[in-house]
Amino acid sequence: MGFPKNFLWGGATAANQYEGGYLSGGKGLSTLDAITGGSMDHPRMITYKTKDGQIEKVTRDTELPEGAVGYIDPEQYYPSHVATDFYHHYQEDIALFAEMGFKCFRMSISWARICPKGTDEINEEGLAFYDEVFDELLKHGIEPVVTINHFDIPMYLADEYDGWSNRKVIDYFLFFCETIFTRYQDKVKYWMTFNEINFLRSWTQIGIHKNDKQHKYQAAHHLFVASAKAVQMGHRINPDFMIGMMVAYIPSYPMTANPEDVLAALQFNREQEFYIDVQANGYYPAHKLKEFEREGITIEKAADDDAVIANGTVDYIGFSYYMSTASSANPEAVKYVGGNQMPAVKNPYLSESDWGWAVDPLGLRISLCQLSDRYHLPLFVVENGFGAIDQVEDDGTINDDYRIDYFKKHIAAMKDAITLDGVDLIGYTPWGCIDLVSAGTGEMKKRYGFIYVDMDDHGNGTLARKKKKSFDWYKEVIASNGEQL
Ligand code: P53
């Protein structure tokens, strides 16, 4: 009773936030290499060069002028360049993951490390790097779980093709997929296509210069087609592959029992479920088609796109769960909460992290039930965690009891979903199992790890690794298969 015998306990990371080595080993530039650090008060910025050579800086959701290209400004600090340097520490880090007893490790492959321009030129040194990483994991009995693309695109494709707004990028992405599927087919079984596909937007993540709804949904359509084709290709290359999708799931509750609030919550939830509907059911839901019709959004499709999407549904649903939110029909009640960048209402029943993320363990059980009832597919919690400021004491210890408390409650909620609700949950990979750069703010001080990395918000630090109190705690959790919390 409890967690299944083969439950995949592990941890999760992403190349742009962890790997570093941004120009090492023949890697090309990625859009995220031109995104500065930031904080709660100072947003991260895109640095770029205009067509007539001017250097500019704008927030990540600002549209870029036509012909603008990413630019690395020597005056700025870019956290992706070194990040927490997995590139040079992978052996040490994997040994620590093994010590915790990880059964799996979620990481992403940097597209620009394999295809420096994103086109059909291959960088053998990049392929060899991930071979070494996978071999190291397998040596320790750790199953790699690979996100094919996590929040970035080779800068060349953004600059020359306007990123995912261009259909040609589907072909380049599939070339990348074919390369890694073929090369790693005997080392990697678990894949997922696009990280948090419902959050993908702007030049930063998908290389598009214009951010309006028309452009955003056209790009999303290309992502759907690319993902569906990747799923089909992967299964052809190795029928044992488990290829999933990945969505940021932030369930919203109606603020009151007023049906108007219930409708507001339903609309909030189905905006994120739309991305699962397409990838798990294989077709666009009716409400989205009506919305396109109402708002004059037209998606350009190739003749066989619908069939491709229908035949390329995923094997499992991977999702991140950090928090829940609340919805209200009353515009007065709706304000921007914390770092989420989404209109929502503060839920008076929940506490929040220092970054304003509502802590809601029961919300994880609710999410698991909703996703399981709705899609009847295996589920994988591929991100969950508590971003906090950690204190290194004089004796060198890091006593992150708040993190242990967060995980305890969320793991108990997963256990309830499995044992009481019958949810088919295959694994759990807490986010940033080793400290890495925050995607939202670009900070180092928003830490998630069981392992501390000596690095600050400005790139100062020895990069030395240190176990936090949560390290030994999580080790016990895994050793007892979730019985001892
Ligand atoms: P950071 C916002 C809300 C929920 C998930 O986020 C999010 C974000 C983006 O800020 O992204 C995922 O680092 C994402 C990771 C990211 C992690 O959550 O902003 O997949 O890349 O680091 C945590 O605290």
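This is a predicted model: local features need pLDDT of at least 70, side-chain atom pairs count only at pLDDT 80 or more; totals for chains, interfaces and linings use all residues.

Trainee: Where is Ser30 found, and which residues is Ser30 in contact with?

Mentor: Ser30 lies in the loop between α1 (15-18) and β2 (45-49). Setting aside neighbours within four places in sequence, Ser30 is in contact with Ala112, Asp152, Ile153, Pro154 and Met155. As for Lys49, 19 residues separate Ser30 from Lys49 in sequence, and their C-alpha atoms are 15 Å apart in space.

Trainee: Why is Phe151 called buried?

Mentor: The same cut-off of under 20% applies. Phe151 has 9% relative accessibility, so Phe151 counts as buried. Phe151 sits in the loop between β6 and α5 (155-161), and has a positive phi of about 70 degrees although it is not a glycine.

Trainee: What about Glu196: buried or exposed?

Mentor: Glu196 is at 8% relative accessibility, and therefore counts as buried. Its place is in the loop between β7 (190-194) and α7 (202-206). Glu196 is not a glycine, yet has a positive phi of about 40 degrees.

Trainee: What span does α4 reach, and what is expected?

Mentor: Helix α4 (residues 124-139) has 16 residues and reaches 22 Å from first C-alpha to last, close to the expected 22 Å. Among the buried residues of α4 are Leu127, Phe129, Tyr130 and Phe134. The partners that the buried residues of α4 pack against include α2 (86-100), β5 (104-108) and α6 (168-184). Just after α4, Gly141 takes a positive phi of about 70 degrees.

Trainee: What makes a group of residues a nonpolar core?

Mentor: Buried nonpolar side chains must be joined through side-chain atoms within 4.5 Å. The largest such core here has 136 residues, and Phe97 and Trp164 have the most contacts inside it. Helix α8 (residues 213-237) gives the most to this core, with 11 residues. A second, separate core of 10 residues includes Cys104, Tyr190, Met246 and Ile426.

Trainee: Which residues is Trp164 in contact with?

Mentor: Leaving aside neighbours within four places in sequence, the contacts of Trp164 include Trp111, Phe173, Phe194, His222 and Leu223.

Trainee: How do α8 and α9 pack?

Mentor: α8 and helix α9 (residues 259-281) pack at an angle of about 35 degrees, with axes 10 Å apart. Their crossing is right-handed. Lys216, Tyr217, Ala220, Phe224 and Ser227 in α8 meet Glu271, Phe274, Tyr275, Val278 and Gln279 in α9. By class, this contact has 6 nonpolar, 2 polar and 2 charged residues.

Definitions and conventions. Residues are numbered from 1 along each chain as its sequence is written. Side-chain values use heavy atoms; hydrogens and water are left out. Buried means under 20% relative accessible area, exposed over 50%, partly exposed in between (1.4 Å probe, protein chains only). Helices (H or I, at least four residues) and strands (E, at least two) are DSSP runs, numbered from the N terminus. Contact means heavy atoms within 4.5 Å. The expected span of a helix is 1.5 Å times one less than its number of residues. Axes are lines fitted to C-alpha atoms, for helices over the stretch in contact, and angles run from 0 to 180 degrees between N-to-C directions. A crossing is left-handed if the near helix is turned anticlockwise from the far one by less than a right angle, and right-handed if clockwise. Ala, Val, Leu, Ile, Met, Phe, Trp, Tyr, Cys and Pro count as nonpolar, Asp, Glu, Lys and Arg as charged, and the others, Gly among them, as polar.
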